Amino acid sequence: MRVRSVDAWHLRAPLSQPFSFSQFSYAQREAMLVRLTTEDGREGWGEAYGPAAVTAAIVREFLAPLLIGRDPRAVESNWELLYARSLDYGQKGVMLAAISALDIACWDLKAQDADAPLYRLLGAAPVESIECYWTGFYFGGNEPLERRWEREARDCLEQGFQAAKMKVGLGVARDAELVEAVRHFLGSGVKLSIDANHAYMPAEAIELARRVEGLGIHWFEEPVSPLDPEAYLQVKSQTAIPIAGGECEATRFGFERWFRRRAVDFAQPDLCACGGITEGLKIATLGSLTGVHVTPHAWGSAVGQAAALHFYAARPRHPSTLTAESKLIECDQTENPFRQVIVDKPLRLEGGRWYLPHTPGLGVGIRPEAFEHYLVG
Ligand code: CA
């Protein structure tokens, strides 16, 4: 099996309702998808996180020529080649996102070749489904947030979710009010996490953590700068709330310092940014050495979400116990047509759980003919 061609698509869709979090506002969604086609006509799909025009150019102009003619099943060798050839200019960010997309596509082909759903190829026992947490409660709109979020909480509960994550980052006092409101809307039985998207200085993050500690917060995500593990440690040492982070980090080399310092309780590499599945597996193994549970950040299209689900299904919790809490994977609720309209078989979400596809590979059935309407380049 050899790669005959590599295609990259930059897709864009306007949103019916813009939304924001502590760093940016979104009025449109983008996706960068890649397809590897083999000499025998098989297709493997992958996705990159981040600026789609940039990652598409990296794939087309720089990485694709390196992969053509190679066996996509040789995931370790392929990864090392792409990483080694970009090391002097890349190491993380958009270069790693582009490598991630190609790596996921290689794994899709490898699983198809093995006639197995990807999670089975990654070593998991058969599993029906994984519990998700609802990622929502974003800022934006003209309505008071409490009013909109009350409806959103009702929707979350009606869909059967038992875990949710809300945005913070509007200032400590306002955040504390809103966390209390959402806790009230969801009730005490739902796991509730908060996500600041690195909006705070350590002292502010500590103050917020102290103010909401009594509300049973499951984790506090990206409280402070992703460039500063010491700031994470400062926050972590001052609160009983577990600390999460890692969506801005990439590769085992990047994550090592977070694990060595035990700067997070939950690490959240994005498989479309951290180096793909090949590197995600190494990051998760490294995390297990220091008691950090790796649960992927997943904010992409159906391709990125499927990659995260297969990967996570294949990662046991460590240490395990007979009564261990179930694992939780991110299920973003913001508007994104690239989770439905470009695939034949969207991931089945029911009762707050994602069901693993049974077909070989990623198993979501991409329809490139549906790209036309969204195509930027
Ligand atoms: Ca986040």
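A: Start with a definition: a residue is buried under 20% relative accessible area, exposed over 50%, and partly exposed in between, using a 1.4 Å probe and protein chains only. The model is predicted, so local features need pLDDT of at least 70 and side-chain atom pairs count only at pLDDT 80 or more, while totals for chains, interfaces and linings use all residues. Residues are numbered from 1 along each chain as its sequence is written, and side-chain values use heavy atoms, with hydrogens and water left out.

Q: Is Val376 buried, exposed or partly exposed?

A: Val376 is partly exposed, as its relative accessible area is 42%. Val376 sits in the segment after strand 13 (353–355); strands (E, at least two residues) and helices (H or I, at least four) are DSSP runs numbered from the N terminus. Contact means heavy atoms within 4.5 Å. Not counting residues up to four places away in sequence, Val376 touches His10, Leu11 and Arg12.

Q: Which residues coordinate the calcium ion?

A: Donors are N, O and S atoms within 2.8 Å of the metal (3.2 Å for Na, K and Ca); water is not among the atoms, so sites may look incomplete. Here the calcium ion is coordinated by Asp195 (OD), Glu221 (OE) and Glu247 (OE), at 2.2 to 2.4 Å. Asp195 in strand 6 (residues 191–195) and Glu221 in strand 7 (residues 217–221) are 26 residues apart, and the pair links distant parts of the chain. Both Asp195 and Glu221 are buried.

Q: Where does Asn197 lie, and what does Asn197 touch?

A: Asn197 belongs to the loop between strand 6 and helix 7 (202–212). Asn197 is buried, with a relative accessible area of 5%. Leaving out residues up to four places away in sequence, the residues touched by Asn197 include Glu221 and Glu247.

Q: How are helix 2 and helix 10 placed relative to each other?

A: Two packed helices are described by the angle between their axes and the distance between the axes. Axes are lines fitted to C-alpha atoms, for helices over the stretch in contact, and angles run from 0 to 180 degrees between N-to-C directions. The axes of helix 2 (residues 75–86) and helix 10 (residues 276–289) come within 9 Å and cross at roughly 95°. Angles under 35 degrees count as roughly parallel, over 145 as roughly antiparallel, 65 to 115 as roughly perpendicular and the rest as oblique. Helix 2 and helix 10 are therefore roughly perpendicular to each other. Val75, Glu76 and Trp79 of helix 2 meet Thr278, Glu279 and Lys282 of helix 10.
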